[in-house]
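Please keep the sequence and the structure in view while reading.

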Amino acid sequence: QLYFTRQSESSCFADGSAMISAYDGRLRYWDLKTNSEVVICPDANCIHETYHPDKNPNPTCTSVTPLGQAYSCVFIFKEKIYYIQSDDINRSEIYVCDKDAKNKKKLLEFDSNVHVLATPIFREGKLFFLANHAVYEDSDTDRFVPKGYDFRIYSFDINSKKLSKIKAFNGCRQLDIRNMHMYDNKLIYEIYTSTVDFSEIYDFEKNIYTDDPDKYASRQIISLDISSGKEEVIFDSLKTFLIDSNNENIYISQNQNEDSSSVNYKVIEYNLKDKTSVDICMSDNDYYSAVVRNGYIIYSDYPKDRICIFSISDKKLITISQDDLDSYEISFVTNSNVVLRNLTNNNIWGVIPFNDFVNGNIENISTIEREDLNNPT
């Protein structure tokens, strides 16, 4: 199973075996079994220098993108590396190459940019992701200020190499899709839309809202039939969030308070097959960064400076103090491993078996120091 990070750093974990990322503009392969990482480049003498308009306008390293483009999605499947690279305005390309970056091949190009804040998913040989297409007035001279965006959910079929538009959302000022999930040929996702752009109702200098964002926004959890295009609204509330999924179950975080300035969240397990729901637990934590793995809800309780591990079956809560984790925080969780990032040194990462972590055994963190490669300045 493949897991994509929520952060916009273009990382993907192949459960129990490897992580592939492009967090610094270079493709890197981290073997979790041997705890070793390499830049994906076949040239042993290469210094992997990234693009610079003056000092390195034509990069030769196969692990970096050309002409200032950026990696927006990378993953590994059947010993092949697939990635999408995008430029600033309405153009992305999908490539495939070997694990050593040889035999690079461009598969297709499309007129959108991958929306990096929406986590892709990979199911049954298909990649599902959100992209946006900037819309400009014909008379626009400033190409950096579009009048709006057309958003699209795409699927990319690995076998046929075909890109299909699953759903279009046209004329939006702001749209975000979180935590996509696939069940019974239906795409499940949380969608947030707004008729105004965030910058129109927020004062960045004073760090306050100038208007109530809820007046312009909606949040729904949708089930979209891939074949027919038929939609079903599962939840419709600004106070309801899709936090994770597992086969036929999705997990919902719902604020029980009318006043959004205070929180009292309930976690709900909703069964997509039976369309029934069960309350799991309550907390004053918003579960925004929660994950559900192997029957556990894992989340960071920032006010109390701890990690919480809640067993769904026996309702038992295990906590790990942030002090006990030393300088680490959770970066990502798969069914086999918990991946940690060092807060004092971004190049140092750690990994610990999942079963050890959920039982509070955190003494044996296997660490790796990722090579710091300077970009041209």
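Two strands are taken to pair if DSSP finds at least two bridges between them. The model discussed here is a predicted one.

Q: In what order do the strands of the open sheet that contains β6 and β9 stand, and in which sense do they pair?
A: Four strands make up this open sheet, and the pairing is antiparallel. Its edge strands are β6 (70-77) and β9 (105-110), each of which pairs on one side only. Neighbouring strands are turned by 20° against each other on average, direction ignored. The order is β6-β7-β8-β9, with antiparallel pairing.

Q: How many bridges join strand β7 to strand β8?
A: Strand β7 covers residues 80-86 and strand β8 covers residues 92-98, and the two pair in the antiparallel sense. One of the residue pairs places Lys80 with Asp98 of β8 as its bridge partner. The number of bridges between β7 and β8 is seven.

Q: Which residue in the hairpin of β8 and β9 takes a positive phi?
A: β8 and β9 pair in the antiparallel sense over five bridges, and Ser92 stands opposite Phe110 in β9. The hairpin that these strands form has six residues between them. The residue with a positive phi, near 75°, is Ala101.

Q: Which element gives the largest share of the largest nonpolar core?
A: This core has 33 residues, of which Phe75, Leu127 and Phe129 touch the most other members. The elements that give two or more residues to the core are β1 (2-4), β3 (18-21), β6, β7, β8, β9, β12 (126-135) and β13 (148-157). The largest share, five residues, comes from β6.

Q: Why is strand β26 described as largely enclosed by the rest of the structure?
A: Strand β26 spans residues 296-301, and a residue counts as buried when its relative accessible area is under 20%. β26 is largely enclosed because, of its six residues, the number buried is five.

Q: Which residue in the turn between β26 and β27 has a positive phi?
A: The hairpin of β25 and β26 has two residues between the strands, and Asn294 in that turn has a positive phi of about 50°. In the hairpin of β26 and β27 there are four residues between the strands, and the residue with a positive phi of about 55° is Asp305.

Q: Is Tyr209 buried, partly exposed or exposed?
A: Tyr209 lies in strand β18 (residues 208-209), and together with Phe198 and Phe204 it makes a nonpolar surface patch of about 320 Å². Buried means under 20% relative accessible area and exposed means over 50%. Because its relative accessibility is 43%, Tyr209 counts as partly exposed.

Technical notes: Residues numbered from 1 in each chain as written. Predicted model: local features only at pLDDT ≥ 70, side-chain atom pairs only at ≥ 80, totals over all residues. Heavy atoms only, no water. Patch = residues over 30% accessible without salt bridge, like charges linked within 9 Å, V, L, I, M, F, W, Y side chains within 5 Å. Areas by Shrake-Rupley, 256 points an atom, 1.4 Å probe, with all protein chains shown as cover. Salt bridge = Lys/Arg side-chain N within 4 Å of Asp/Glu carboxyl O. Buried < 20%, exposed > 50% of the residue type's maximum accessible area, 1.4 Å probe, protein only. Axes fitted to C-alpha atoms, helices over the stretch in contact; angles between N-to-C directions. Core = buried A, V, L, I, M, F, W, Y, C linked by side-chain atoms within 4.5 Å.
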